[in-house]
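Here are some notes for a colleague who is opening this entry for the first time. Please keep the sequence and the coordinates at hand while reading the points in turn.

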Amino acid sequence: MNPQNKPVNHGMVLSIIMVSYLMLVVDTSIVLTGLPRIQAALGFTPAGLSWIQNAYTLAFGGFLMLGARTGDILGRRRMFITGLAIFTLASLAIGSASSPAWMITFRAVQGLGAAVLAPSTLALISTHFEEGRARTRALSLYAAAAGIGATVGMVLGGLLADLISWRAGFFINLPIGIALIVGSLRHINETPRQTGRFDIAGALTSTLGMCALVFGIVEAAESGWASPLTWGSITIGLVLLMTFIRIESKARQPLLPLTLLDDAKRNAAYLARLLFLSGMVGFWFFTAQYLQGALGFTPMLAGLAFIPVTIPQMLTSLTVPVAVKRFGHRRILLTGLSVCATGVLLQGLGAVHLSYVGGVLLPMLLVGFGQGWVLAPLTVAGVAGVAPENAGAASGILNVAHQIGATLGLAILVVVYSGGHATAYDAAGMALHTGFVLYMSALFLIIALFVSLRYIRFHPVTQSYQRNTNYKVTEQEA
């Protein structure tokens with residue numbers, strides 16, 4: 001449990017891990033309330049603005065499984081520090097951005113750092129805290145970081161954008177990152193290395209394939225579906241993804257063991273998760289802009305306006321163990337998806353009324369209550385029946401479905417929002433087109449509900465295994 005046989009300051013270790021993970025969670029949402037200011041400062045088009053999120057999530061999702069594998073082979077502390085260094089330096093570069101290309105490039109680098117860092121956080125808890133009460137407490141606090149991180153990011157991003165600059169939201173990572181690296185070198189022990197191979201070809205073809213596919217879809221929002229660049233990019237993306245599948249079928253130690261895709265129920269869980277994130281990304285991304293562009297909120301008020309989502313989500317997330325015991329995974333999953341879809345649809349219907357209390361507040365409460373009951377059962381379904389040696393890979397697929405679902409969903413919703421062109425809208429136009437986006441988001445959630453209702457069934461699992469899957473859920477909520 002302590003590989004280097006020296007005393008461990010558990011309080012410091014847990015603080016370092018929690019703050020580093022909180023930094024990842026906060027950074028995912030801190031940018032959302034600053035998007036209008038970033039667009040004005042750097043000259044992003046409405047469609048191009050989505051790449052601030054897409055570049056990050058594509059790199060994060062595309063390299064996540066390789067990042068986990070790298071930690072196994074080279075040591076978790078080493079990769080934890082490497083991920084922190086990449087993430088911190090990329091944050092400094094983003095805060096200094098002078099053009100859209102600059103910002104998008106280093107958002108991708110930041111996503112790569114997150115892909116190296118994130119898998120090591122849970123692993124280091126396992127190696128520094130004995131199984132039982134100590135580990136349970138550590139993981140509970142880790143889960144709390146995920147629960148509050150999104151709201152902290154929205155509020156902090158809005159506050160900094162209002163009082164200082166949107167750039168401050170990225171510069172703040174520099175002193176935090178340096179302190180975490182110094183603390184890691186002093187307090188965190190290295191884990192034993194394992195033998196193995198890196199599936200570099202698989203990581204590159206999957207990530208580049210998804211980038212090309214998403215670029216083609218987003219390009220349709222600017223140039224139309226008839227554009228050669230649109231279809232050329234989509235074609236290249238599909239070819240690269242098919243190449244990735246071929247590579248994985250022949251690799252000795254693949255990133256994606258194809259045997260994991262033999263079970264229809266697990267596949268349904270992956271698909272439902274992808275659809276769920278495709279829908280929810282529209283809610284978060286476009287509501288943040290709607291609050292400022294259509295309702296005239298300042299960035300700080302826009303961040304505070306999301307509190308009605310996060311508090312119910314935290315409450316329902318905490319009730320998952322009790323609710324599962326009483327109603328079962330399937331019922332709470334279907335209930336959560338239904339409530340989320342209802343909330344997003346109602347917000348779409350109310351968008352044209354240009355009222356926060358009348359058109360946003362109640363839907364937000366519904367979305368918050370629903371979200372808290374969705375991810376846990378989807379995680380259980382996604383790893384059910386998996387052999388122990390493939391549990392890490394199955395968790396990796398869930399992470400990838402989470403990130404790629406958000407990326408693909410956002411790309412499609414940008415096309416819906418733009419209406420085939422990249423014109424900026426006035427308040428009424430933004431409200432109308434935000435409504436269209438939320439209708440499409442609700443459709444994604446309804447399809448996820450249908451897939452879950454028709455195909456997902458739950459296998460019995462042990463209490464110990466349930467605990468482990470609940471810990472995995474917290475990582476997805478970043």
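1. Is the crossing of H12 and H16 left-handed or right-handed? In this model, which is a predicted one, the crossing of these two helices is left-handed. The axes of H12, which covers residues 264–293, and of H16, which covers residues 329–350, come within 11 Å and cross at roughly 35°. On the H12 side the contact is made by Phe276, Met280, Phe283, Thr287 and Tyr290, while H16 contributes Leu337, Cys340, Val344, Gln347 and Gly350. Sorted by kind, the residues of this contact are 7 nonpolar and 3 polar, with no charged residue among them.

2. Confidence deserves a word before further details are read. The protein has an average pLDDT of 79, and 82% of the residues score at least 70. Over residues 461–478, however, pLDDT stays under 50, and for this stretch the model has 38 contacts beyond four places in sequence. Where pLDDT is low, the predicted coordinates should not be read in detail.

3. With 15 residues at 1.5 Å a residue, H9 should span 21 Å, and its end C-alpha atoms lie 20 Å apart, which agrees. The buried residues in H9 are Asn173, Gly177, Leu180, Ile181, Gly183, Ser184 and His187.

4. Asparagine 173 belongs to H9, which runs over residues 173–187. Asparagine 173 counts as buried because its relative accessible area is 4%, which is under the cut-off of 20%. When its neighbours within four places in sequence are left aside, asparagine 173 is in contact with Met23, Asp27, Phe87, Thr88, Ser91 and Gln110.

5. Most residues other than glycine have a negative phi. Leucine 354 is located in the loop between H16 and helix H17, the latter covering 356–371. Its relative accessibility is 36%, so leucine 354 counts as partly exposed.

6. Serine 165 sits in another loop, the one between helix H7 (133–163) and helix H8 (168–171). With a relative accessible area of 24%, serine 165 is partly exposed. Serine 165 and glycine 34 are 131 residues apart in sequence, yet their C-alpha atoms are 8.7 Å apart in space.

Conventions: Residues numbered from 1 in each chain as written. Predicted model: local features only at pLDDT ≥ 70, side-chain atom pairs only at ≥ 80, totals over all residues. Heavy atoms only, no water. pLDDT = per-residue confidence, 0-100. Contact = heavy atoms within 4.5 Å. Axes fitted to C-alpha atoms, helices over the stretch in contact; angles between N-to-C directions. Helix = DSSP H or I, 4+ residues; strand = E, 2+ residues; numbered from the N terminus. Left-handed = near helix turned anticlockwise from the far one by under 90°. Nonpolar A, V, L, I, M, F, W, Y, C, P; charged D, E, K, R; others polar. Buried < 20%, exposed > 50% of the residue type's maximum accessible area, 1.4 Å probe, protein only. Expected span 1.5 Å × (residues − 1).
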